[in-house]
Amino acid sequence: MGNVIAIAQKELKSYFASPIAYIVIGLWALLYGYFFVAILSFFVRQSMGMNQFGMQGPQAMNVNQQLIRPLLQNVTILILFLMPMVTMRTYAEEKRSGTIELLLTAPVTDFQIIMGKFLGALSLYVIMLAVTMIHIGFLYFGGRPEWKPIVTAYLGLLLLGGCFISLGLLISSLTSNQIVAGMVTFAVFLLLWVITWVGSFGGPTFDKLTTYLSIIDHWDDFGKGVIDTTHVIYYLSFITFGLFLTAKSVDSERWRG
Amino acid sequence: MIEVQHLTKRYGRVTAVDDVSFRVERGEILGFLGPNGAGKTTTMRILTGYMPATEGKAIVAGFDVFDQPIEAKRRTGYLPETPPLYPDMSVIEYLTFVSKIKRVPAADRRQRVQQVMQKTRIDDVANRLCSKLSKGYRQRVGLAQALIHNPDVLILDEPTAGLDPKQIIETRQLIKQLAGDHTIILSTHILPEVSQTCQRVVIINKGHVVAVDTPDNLTSRLRGSETMYVQVDASGGDASTSLTGIPGVLRVVEADRKDGVVGYEVESEHGRDVRRDLARAVVSSGWGLLELRPLRMSLEEIFLSLTTEDLATAPPAAAEGEVVNG
């Protein structure tokens, strides 16, 4: 465990030693802030309109459902665009610079290295998520959002991000070129997002299949405040499978030399 | 301490290392000599557990590198060809990180880091970023990294490559100092390095072990034919004809000539001492014998003759006699 933490710390530190962390967090905060303002203004205008028509009481707007949920839904798209920048260097850079020789000849197992890298990237992602919480905190000044669905939504985001990281790690382990890793990761993420679009043309089974494969669709229930074990299991098995394939890829690289 | 048995590594169809076997005793420095692409790095990578062998066995510090990799790696320090430094870490941060993954107990870490920095003389750059270091310092930080967990075995892949002459001498001295406590394998394609630092040499070419011996034995015993240098004051006469006539002498070449004093290189059959006959021939002809000494083949020549195909076939008996059995 000590090794895993040491590697995770090193990974996190190296994000902040290079411009990557600042660029990713900066862009993330900027885009998220833009979404926040846009959705908030829309929400405010709508609720003012509703007030004018005297539609209060049971019809009043729900902050959770009409502001926070669409906002965090947009976060899933942001992850899709920014996460490749986080994961692309993890293995590719070590292979290019030769530092992978240090890790592979140190008394640590491949699994410990992979877990360290995974947790390091996940920590950066948690920091990114923490930034988004500030905006949501402000909502408490003007409204009374329910905290429980927010917690489930964030749990969903954490799992969703974990999937992207494990997939990104796998792709990064397949090449020694960061740019290639980043591009491929982005393309795969995008494909996993839009995969449902063709689902309706291929009959009910195909539809179900594509919906199941879409990483982002599994988040919807979390956004509504529901923790469905199917989705939790989906995400956890996705992460495990991604990490397992990364381990296989690292191992096969060893054999091929 | 290190035992390598019939190690073979194939990359697809290419065989990088073919049936390599050798042993290294505790506290010894073994030189791994060969031209580029001979399989030195591959062998070292197998020994450090970086990659598995296709066939064969390697035991480091009592542990099979394939069956018990973690135990073997705990006892091995490895300096790859390019020091594996993280550019965005300072030297001290880097060494601390390495000490963590190499399982130096938390209580000893600070002290160990200081120790190896002193040993490798990098304490003056402790807080500098690895990316800002000169080649010499990078190499030394790489060496410090290999030493940090006080391993029994040190495997150094071309530790002096790219250093300036002063740094090369310093590094060699450091390696020699380390030899008592650590068993060391170092690879190089620089020959004097081997004769200066190593107790034994493994010469490897195209994945095969060509010879294993001490540098001295290699120079003295690997000569296909013996060559003598004879300096004669022949004053007018030509000594070469009478020298050629001596039984056992294969060839006489005039090496230098100055004021009637002529130096000849006399090549004779291997294992046949012609010195007495040479002296007698010169003296009985009435010339003055000024100098008579055996010419030793330099390690350089041995290396070339072993690793260059057409020459390697010329002195086959000697070369094969030297290949150590298992």
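This is a predicted model: local features need pLDDT of at least 70, side-chain atom pairs count only at pLDDT 80 or more; totals for chains, interfaces and linings use all residues.
Axes are lines fitted to C-alpha atoms, for helices over the stretch in contact, and angles run from 0 to 180 degrees between N-to-C directions. Helices (H or I, at least four residues) and strands (E, at least two) are DSSP runs, numbered from the N terminus. Two packed helices are described by the angle between their axes and the distance between the axes. The crossing of α3(A) with α8(A) is right-handed. A crossing is right-handed if the near helix is turned clockwise from the far one by less than a right angle, and left-handed if anticlockwise.

From α3(A), the contact uses L80(A), M83(A), P84(A), M85(A) and T87(A). From α8(A), G182(A), T185(A), F186(A), F189(A), L190(A) and W193(A) take part. Two residues are in contact if their C-beta atoms, placed from the backbone, lie within 7 Å. By class, the residues of this contact are eight nonpolar, three polar and no charged. Ala, Val, Leu, Ile, Met, Phe, Trp, Tyr, Cys and Pro count as nonpolar, Asp, Glu, Lys and Arg as charged, and the others, Gly among them, as polar.

Residues are numbered from 1 along each chain as its sequence is written, and chains are lettered from A and ligands numbered from 1 in the order in which they are written. Local features need pLDDT of at least 70 and side-chain atom pairs count only at pLDDT 80 or more, while totals for chains, interfaces and linings use all residues.

Chain A has 11 helices and zero strands. Its C-alpha atoms fill a box of roughly 70 × 45 × 30 Å along the principal axes. Of the 257 residues in chain A, 38% are buried. A residue is buried if 20 or more other C-beta atoms lie within 10 Å of its own, exposed if 12 or fewer, and partly exposed in between, with C-beta atoms placed from the backbone. Among contacts in chain A with a separation of 6 or more, 80% join residues 24 or more positions apart.

Chain A also touches chain B. The contact takes 21 residues from chain B and 21 residues from chain A. On the side of chain B, α2 (69-74) and α3 (91-101) are the elements that give two or more residues. Helix α3(B) gives the most, with four residues. This side of chain B has 12 nonpolar, three polar and six charged residues.

Chain B contains paired strands. Strands of a sheet pair through backbone hydrogen bonds, either parallel or antiparallel. Two strands pair if DSSP finds at least two bridges between them. Strand β1 (residues 2-11) of chain B pairs with strand β2 (residues 14-24) of chain B in the antiparallel sense over seven bridges. V4(B) faces F22(B) of β2(B) across this pairing. The hairpin has two residues between the strands, and G12(B) takes a positive phi near 60°.

Strand β7 (residues 153-157) of chain B is mostly covered, with five of its five residues buried. V153(B), I155(B) and D157(B) lie on one side, and L154(B) and L156(B) on the other. Strand β6 (residues 76-79) of chain B runs parallel to β7(B), joined by four bridges. There, T76(B) stands opposite V153(B). Five bridges join β7(B) to strand β8 (residues 183-188) of chain B, again in parallel. I155(B) stands opposite I185(B) in β8(B).

An open sheet of four strands in chain B has the order β12-β13-β11-β14, with antiparallel pairing. Strands β12 (249-258) and β14 (288-295) of chain B stand at the edges with a single partner strand each, so one side of each lacks a neighbour in the sheet. The twist averages 20° from one strand to the next. Seven bridges join strand β11 (residues 226-233) of chain B to β14(B). T227(B) stands opposite L295(B) in β14(B). Helix α10 (residues 275-284) of chain B lies across β11, β13 (261-268) and β14 of chain B, running at about 160° to β14(B).
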